[in-house]
Amino acid sequence: MTDKYVAAIDQGTTSSRCIVFDQRGGIVAVDQQEHRQIFPKPGWVEHDADEIWTKVQAVVGGALERAELRADQLSAIGITNQRETTVLWDRATGRPVHNAIVWQDTRTSALCTELGGEVGQDRFRDRTGLPLASYFAGPKVAWLLDNVPGLRQRALDGEIAFGTMDSWLIWNLTGGVDGGRHVTDVTNASRTMLMNLESLEWDASVLEAMDVPAAVLPEIRSSSEVYGTAVGQLAGVPVASALGDQQAAVFGQTCYGVGEAKNTYGTGSFLLLNTGNRPVPSKHGLLTTMGYRLGDEAPVYCLEGSIAITGALVQWFRDQLGIIDDAAEIETLAASVEDNGGAYIVPAFSGLFAPYWRSDARGVIAGLTRYVTKAHLARAVLEATSWQTREVVDAMYQDSGVEITSLKVDGGMTANSLLMQHQADVLGVPVIRPVVAETTCLGAAYAAGLATGVWSGLEELRAHWKRDAEWTPSMGEEEREKEYANWHKAVERSFGWEQSG
């Protein structure tokens, strides 16, 4: 049998990469390039969408060259992307009309407050699953239309296209000004705050409230179908999937059943729980979002918990305190003591995200005595990630009634066995790390391969998923709950430090 290959483009916040996978889900080749971060004003973050498209073309060529493959040997190409980052471009010239506004950008904070009015940040939550926040794409579109001279009229005249980065790449891959497909998938559309989670269509009432004309919007499609055929260096290859990066990780981790969850440990952490074929509204500080949709099948929804500071706390311990020289050293130091010595670190450096959403919180170290050493603090640094994850898992259970049966993990911090063991201990469920750590790209490849017949279905994909390591709980229930109560006391001490006004 001739092996089949699928390529995945991962257009991320700091870089773009392309990974070629074989039929067993193994990595054949990788290429990656960084792009510029543009900071025009405090709190503003932009990307040059043209530069990103140039880099994407380069990494696609680089990955094919490293794999020693021709484009016509690819069965499909899939896309995963930084979510919420927003670009508007001229349909006739194909040029962006402004730099892309990145998900981290806060320029729309005042607009979001204005849109909330008397109702507040939950004004659109019943329809979109999201609180009004500068994080999401809808207000970014409105800001561009209001602040780029002449743009709103051009948008009303149908001359302007809007997209998150998946739309921008699909449009360019499939021909751009010469017949490029203007589409997005349900996962990316669900992060705009413009899509109705029940109908999976653009919500007319939200568009009207934000003053975003329907003429700029892409067509909403499933996450796994052929959107069009590539031209240029990938001529003839079906462009067959799109998923926001965290949803792609859910798919790559094969979290296809209700109650299956994954956590990605990076600078911060993103935990997503599969809640099945219905959106579960959150009353406990989580986001209701799309998980994925395969072709004409029923959509799958997730609850998402975003934690601001996890890996970044280790960086702070290294760079600001200078207690370790290398991030990997923290495990050895923490393992030199049996427990945290009664110390807890709450990393609310710029407030707390899920489930609290307290912008007035600031970081604290609680429970200090003269007994506490730098090794105890190292342990407290790691444990802060576990406890924050436990809080999100608890919120998910309160919202959905779904208990997680295990937690699949990916990201850089999963190399730390002490942390992963503590995570299993405080959750009381197994923590499992896969062999292929590049779960975001793998998810995009899987979805593209499903749409083009490379793989037969979800069960075949499950069969390809292989565990690299598993940690099972060893902490007693009484100790777990006592430690958790102490953690909550420390979190409460972080509240109210930053006074508004």
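## A helix on the inside

Let's start with helix α6, where the buried residues are Met-165, Asp-166, Ser-167, Trp-168, Leu-169, Ile-170, Trp-171, Asn-172 and Leu-173. That is 9 of the 9 residues of the helix, so α6 is largely enclosed by the rest of the structure. After α6 comes Gly-175, with a positive phi near 130°.

Keep in mind that you're looking at a predicted model.

## The overall picture

Stepping back, the protein is built from 16 helices and 21 strands. Its C-alpha trace spans about 70 × 60 × 40 Å along the principal axes. A compact globule with 501 residues would have a radius of gyration near 23 Å, and the 22 Å found for this protein agrees with that.

What share of the 501 residues is buried? Buried residues come to 61%. As for how the chain meets itself, take the contacts with a separation of 6 or more: 71% of them are between residues 24 or more positions apart.

## The second largest pocket

The largest share comes from α10, with 5 residues. Sorted by class, the lining of the second largest pocket has 9 nonpolar, 6 polar and 2 charged residues.

## What the record marks

The unreviewed UniProt entry carries a "binding site" annotation that covers Thr-13, Thr-14, Ser-15, Thr-267, Gly-311, Gln-315 and Gly-412. Which of these residues belong to the lining of the second largest pocket? They are Thr-267, Gly-311, Gln-315 and Gly-412.

## Two annotated residues up close

Are Thr-13 and Gly-412 buried or exposed? Thr-13 counts as buried because its relative accessibility is 16%, under the 20% cut-off. Gly-412 counts as exposed because its relative accessibility is 63%, over the 50% cut-off.

Both residues are in loops. Thr-13 lies in the one between β1 (5-11) and β2 (15-21), while Gly-412 lies in the one between β19 (407-410) and α13 (417-427). If you set aside neighbours within four places in sequence, Thr-13 is in contact with His-35, Gln-37, His-47, Gln-82, Val-102, Trp-103 and Gln-104.

Definitions and conventions: Residues are numbered from 1 along each chain as its sequence is written. This is a predicted model: local features need pLDDT of at least 70, side-chain atom pairs count only at pLDDT 80 or more; totals for chains, interfaces and linings use all residues. Side-chain values use heavy atoms; hydrogens and water are left out. Helices (H or I, at least four residues) and strands (E, at least two) are DSSP runs, numbered from the N terminus. Ala, Val, Leu, Ile, Met, Phe, Trp, Tyr, Cys and Pro count as nonpolar, Asp, Glu, Lys and Arg as charged, and the others, Gly among them, as polar. UniProt positions are given in the numbering used here, feature names are shortened, and annotations may be inferred rather than shown by experiment. On a 1 Å grid over the protein atoms alone, a cavity is a set of points where a 1.4 Å probe fits but cannot get out, and a pocket is an open set with protein on both sides within 12 Å along at least five of seven lines; lining residues have an atom within 4 Å of a point. Buried means under 20% relative accessible area, exposed over 50%, partly exposed in between (1.4 Å probe, protein chains only). Contact means heavy atoms within 4.5 Å. The radius of gyration is taken over C-alpha atoms; the globule rule is 2.2 Å times the number of residues to the power 0.38.
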